[in-house]
Amino acid sequence: MQTANYFRLEGPYLRLEGQRCSACGAQQFPPRTACRQCRATTFEICTASSIGTVLSFSEISSPPAGFSSPLVAALVALDDGIVIACQLTDVDSDKVEIGMRVEMVTRLISETGPEGCLVYGYKFRPQLL
Amino acid sequence: MRDVYIVGLGLTPVREHWTFSLRNLGARAILAALADAREETADCLYVGNMLSGQISAQENLGTLLADETGLLPIETCKVEAACGSGGACVRSALLAIAAGAADRAIAVGVEKMTDVTADAVAAGLATASDQDFEASFGLSFVGMAGLLMQRYLHESKRNRADFAPFVINAHKNALTAEHAMFHSEVTLEQYLRCPMVAAPLGVLDAAPVCDGAAAVLLCSKEALKPHHRPIRITGSAISTDTISLASRRNLSSLSASETSAKKAFTQARLTPHDIQLFEPHDAFSIMTTLALEACGFAASGTALDMAAAGAFAPTGSLPICTFGGLKGRGHPVGASGTYQIVEACLQLRGSAGSNQIPGVRRAMTQSIGGHGAVAVTHILEA
């Protein structure tokens, strides 16, 4: 991850900032240049729900360079309807099941060596409360 | 739009080619396709490739291969649609001829993957995904396929073992295909016991990393010669879906695969029932399943039942992966789409040797980039 790109992604990575379309009201995450529903191009920032349900998961045996192992990937349906691709954390893969309730936490995502930056962003863990 | 025919076929064996580089492989396939059609040159050359910039630090592939084959100053460029690049370059060549801008066009898919480590290949393949919202979170390309497979298992209440017939069939068909990467059968036992790479997806669910190139020479009706054995392209379509899996409306159907197949069927005035042979994008066994359902060859949720009943074997109602598919022949990513088309043409010509499916007149190929993000469908008729 290049530092400049990480800077641009701070809103979605650290605060789950997506968009609400000023024209049709549709919510989307991640942010896009045009609305997926009506193709309008003006938006307000709209923070996605930080709680959701596991739609699917997979334990990646050999994670990419810069990522720690084991890596449990997941698709999570947030309570506002947004679906997000993410890592699960604080849980063993054999304890994960589809339908499990999870919540967002901010964690170290990757270390890309002396030339790169420490990338922090969202992961999801089993809901505590 | 003018009619377009395939008159020349060329391919290299799919291997770990230690002695051949990207340029050697691409050039050999081009020259073989020209020789097959007994043509000296063409009006344009489209190169399908995904990873050359990352793996071989080489772009400008059109010029590279034109120079390597002595085709300068031919019009040329590279076409990229991730793992669907091979299919996409054939569509570009078709468009040039259909539009009347060219009478003969070469499409070559080429990929050189084995010069670098598995990590570097994985990083390259991940560029087919959404870099900022999938790959940057450690979700590898194979990991995304694992997510699709897990969801399909959940929704259809299946077991992983139900995917085995696809893998067993692919390897069996590859046994007698000289250009295929693998010449070894896979048993159900081996499939069930293979190591997981992105559970529930095992190493035997995934097509191998390899090198290869395949090329076709396309021409207009006006450019056909008596010695040509033309195969007509009656359907050709590309459709797209969201680049990230998370944005899909339905995780158990491939809408790009469906819409590109529908467009191709409409152009060819055919239905799925008319197709006698299908070369799907079986990069992962879950992708074969989803593509068969999306294209209308199996009703939603029934592809695994049909596979268990032998419908997709050489003697079944719709033979697939007739030279091993991506799984058995190998998946040199940007070349796989052109291998599919060369293989379908061999079948339609009746030149498929031990792999011949008798009496094939209408075949379909589908090359997919990303996990269904872009799909390229071709219908070919003898």
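This briefing covers chain B and its contact with chain A. The model is predicted. Chain B is assigned two domains: domain 1 spans 4-117 + 210-231, and domain 2 spans 127-207 + 235-381. Across the interface, 27 residues of chain B are in contact with 27 residues of chain A.

**Contact between the chains**

- Three elements of chain B each supply at least two residues to the side that touches chain A: α5 (118-125), α6 (141-156) and β5 (196-199).
- Of these, α6(B) gives the most, with 6 residues.
- The side of chain B that touches chain A has 15 nonpolar residues, 8 polar residues and 4 charged residues.

- Together β5(B) and β6(B) form a hairpin, with 1 residue between them.

- The C-alpha centres of domain 1 and domain 2 of chain B lie 23 Å apart.
- Their contact takes 37 residues from domain 1 of chain B and 35 residues from domain 2 of chain B.
- On the domain 1 side, β1 (4-11), α4 (85-98), β4 (104-111) and β7 (212-220) of chain B each supply at least two residues.
- The most comes from α4(B), with 8 residues.
- By class, this side of domain 1 of chain B divides into 24 nonpolar, 8 polar and 5 charged residues.

**The open sheet of chain B**

- An open sheet is built from 9 strands of chain B, in the order β3-β2-β4-β7-β1-β8-β11-β10-β9.
- Pairing in this sheet is mixed.
- Its edge strands are β3 (75-79) and β9 (277-279) of chain B, each pairing on one side only.
- From one strand to the next, the twist averages 25°.
- Strand β2 of chain B (residues 44-48) pairs with β4(B) in the parallel sense, over 5 bridges.
- Here Ala107(B) in β4(B) is the bridge partner of Tyr46(B).
- Helix α1 of chain B (residues 22-37) lies across β1, β2, β4 and β7 of chain B.
- α1(B) runs at about 130° to β1(B).

**Packing of α6 and α10 in chain B**

- α6(B) also packs against helix α10 of chain B (residues 285-294).
- The angle is about 60°, and the axes of α6(B) and α10(B) are 9 Å apart.
- The two helices, α6(B) and α10(B), are therefore oblique to each other.
- The crossing of α6(B) past α10(B) is left-handed.
- From α6(B), the residues Ala145(B), Leu148(B), Met149(B) and Tyr152(B) take part.
- They meet Ile286(B), Met287(B) and Thr289(B) in α10(B).
- This contact of α6(B) with α10(B) divides into 6 nonpolar residues, 1 polar residue and no charged residues.

Key:
Residues numbered from 1 in each chain as written. Chains lettered and ligands numbered in written order. Predicted model: local features only at pLDDT ≥ 70, side-chain atom pairs only at ≥ 80, totals over all residues. Contact = placed C-beta atoms within 7 Å. Helix = DSSP H or I, 4+ residues; strand = E, 2+ residues; numbered from the N terminus. Nonpolar A, V, L, I, M, F, W, Y, C, P; charged D, E, K, R; others polar. Domains from an automatic or database assignment. Axes fitted to C-alpha atoms, helices over the stretch in contact; angles between N-to-C directions. Parallel < 35°, antiparallel > 145°, perpendicular 65-115°, else oblique. Left-handed = near helix turned anticlockwise from the far one by under 90°. Pairing = 2+ DSSP bridges.
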